[in-house]
Amino acid sequence: MSIINVAYFSDLYRAPQVQKGAEEVCIANISPLERQKRLRFGVQQFVITLIVLAILIALHVNPLWRLSLLPLFWASTVGYFQARDKT
């Protein structure tokens with residue numbers, strides 16, 4: 001008895017084949033309440049970050065200090081898009 005090991009690799013130069021009749025179904029994995037919390041967090045974080053940015057600009061702080069706001073902007077963006085994409 002012989003065992004044949006076959007590995008299938010995707011072809012990088014050809015578009016993937018889509019079966020006819022196959023439809024995508026998106027099932028939300030968070031509840032509407034959790035989506036609302038994430039959206040609220042994203043908006044609040046964005047507003048707070050904009051206020052801090054305005055203060056830094058008004059005080060004529062070195063522009064390199066504005067880079068410290070990047071993680072805050074990322075956090076607000078992640079919260080917003082998680083709520084929007086229902087993930």
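Select Arg38 first. Its relative accessibility is 22%, so Arg38 counts as partly exposed. The model on screen is predicted. Show both side chains. Arg38 and Glu34 meet in a salt bridge, with 3.3 Å from N to O. Side chains of opposite charge can pair when their charged atoms come close. Both residues sit in helix H1, 4 residues apart, which is about one turn of the helix. An α-helix has 3.6 residues a turn, so residues three or four places apart point the same way. How many salt bridges does a search of the whole structure find? The count is 1.

**Zoom out**

Switch to a cartoon of the whole chain. The secondary structure comes to 2 helices and 0 strands. The protein has 87 residues, and buried ones make up 10% of them. Now turn on a surface. The accessible area is about 8100 Å², and 64% of that area belongs to carbon and sulfur atoms. For contacts, take pairs of residues at least 6 apart in sequence: 67% of these contacts join residues at least 24 apart.

**Helix H1**

Select residues 32-58, which form H1. The ends lie 39 Å apart, and at 1.5 Å a residue the 27 residues of H1 should span 39 Å, so the two values agree.

Which residues of H1 are buried? Pick Gly42, Gln45, Thr49 and Leu56. The buried residues of H1 pack against H2.

Stop at Gln45, in helix H1. Is Gln45 buried or exposed? Its relative accessible area is 14%. The cut-off for buried is under 20%, so Gln45 falls on the buried side. Next, show what surrounds Gln45. Leaving aside residues up to four places away in sequence, Gln45 touches Leu72, Ala75 and Ser76.

**The loop between the helices**

Move on to His60. This residue follows H1 and has a positive phi, near 55 degrees. His60 is a residue other than glycine. His60 lies in the loop between H1 and H2. At 73% relative accessibility, His60 counts as exposed.

**Helix H2**

Select residues 70-85 for H2.

Now colour Ser76, Gly79 and Ala83, the buried residues of H2. Look along the helix axis: these residues cover an arc of only 60 degrees around it, which puts them on the same side of H2. What do the buried residues of H2 pack against? They pack against H1. Ser76 has already come up on this tour, as one of the residues that Gln45 touches.

Go to Asp85, still in H2. Its relative accessible area is 41%, so Asp85 is partly exposed. Draw a line from Asp85 to Ala28. Their C-alpha atoms are separated by 8.2 Å, although the two residues are 57 apart along the chain. Lys86 takes a positive phi of about 60 degrees.

**The nonpolar patch**

Bring the surface back for the last stop. Select Leu39, Val43, Phe46, Val47, Leu50, Ile51, Ile55, Leu59, Tyr80 and Phe81. Together they make a nonpolar surface patch of about 890 Å². H1 and H2 are the elements that give two or more residues to this patch. Which element gives the most? H1 does, with 7 residues.

Centre on Phe46, one of the residues of the patch. Phe46 is placed in helix H1. Why does Phe46 count as partly exposed? Its relative accessible area is 39%.

Notes
Residues numbered from 1 in each chain as written. Predicted model: local features only at pLDDT ≥ 70, side-chain atom pairs only at ≥ 80, totals over all residues. Heavy atoms only, no water. Patch = residues over 30% accessible without salt bridge, like charges linked within 9 Å, V, L, I, M, F, W, Y side chains within 5 Å. Areas by Shrake-Rupley, 256 points an atom, 1.4 Å probe, with all protein chains shown as cover. Salt bridge = Lys/Arg side-chain N within 4 Å of Asp/Glu carboxyl O. Buried < 20%, exposed > 50% of the residue type's maximum accessible area, 1.4 Å probe, protein only. Arc of directions from axis to C-beta. Contact = heavy atoms within 4.5 Å. Expected span 1.5 Å × (residues − 1).
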